[in-house]
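Please look over the sequence and the model shown here before reading the report.

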Amino acid sequence: EGTWTPTTSTGWASLTLDCTASYTKIGNIVHVMGFVAINGTGIGSGDITMGGLPFTSSADSDHRPAVSVFAYNLYSNVSNYISGLINNGSTTIYIREGGRTGSGSDMGNHFDTGSRFYFQGTYRAA
């Protein structure tokens, strides 16, 4: 058991993430959860990605586990649902707008200062 600090990639303009995250690892199974508060100015863009998972996920392409996300105080409405996944062989969580394809599934433009989200997921470590 422990804590970890998610990192974010591009697409956030001058927004910053304040994160609280923890994990539990039993054998090669890792459960992560956390809370993210978005601060700064402007509106995000592009994909929402959070790196820095405490353990690299399995490289097996059949194991891309889903991540549950609950978001509120968004800049704009999400027409479908929010979903996430942990890519295989990585330490990164991707959060997208579900039910859409291509660039239309980017979530960054739904977030601005004051937006918040909770997440949790379970994955197999490498």
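## Model and confidence

This is a predicted model, in which local features need pLDDT of at least 70 and side-chain atom pairs count only at pLDDT 80 or more, while totals for chains, interfaces and linings use all residues. Residues are numbered from 1 along each chain as its sequence is written, and side-chain values use heavy atoms, with hydrogens and water left out.

The protein averages a pLDDT of 85 (the predictor's confidence in each residue, from 0 to 100), and 91% of the residues score at least 70. Confidence is lowest in strand E2 (residues 7–8), with a mean of 78, and highest in strand E1 (residues 2–4), at 96.

## Fold and overall form

The secondary structure comprises 0 helices and 9 strands, where helices (H or I, at least four residues) and strands (E, at least two) are DSSP runs numbered from the N terminus.

The radius of gyration, taken over C-alpha atoms, is 14 Å, which agrees with the value near 14 Å for a compact globule with 126 residues; the globule rule is 2.2 Å times the number of residues to the power 0.38. The C-alpha trace spans about 40 × 30 × 20 Å along its principal axes.

## The nonpolar core

A nonpolar core is a set of buried Ala, Val, Leu, Ile, Met, Phe, Trp, Tyr and Cys residues joined through side-chain atoms within 4.5 Å, and buried means under 20% relative accessible area (1.4 Å probe, protein chains only). The largest such core has 25 residues, and those with the most contacts inside it are Trp4, Ile93, Ile95, Phe117 and Phe119. Among the strands that each supply at least two residues of this core are strand E3 (14–26) and strand E9 (116–124).

Not counting residues up to four places away in sequence, Ile93 touches several residues, including Trp4, Ile48, Val67 and Phe119, contact meaning heavy atoms within 4.5 Å.

Methods. Buried means under 20% relative accessible area, exposed over 50%, partly exposed in between (1.4 Å probe, protein chains only).
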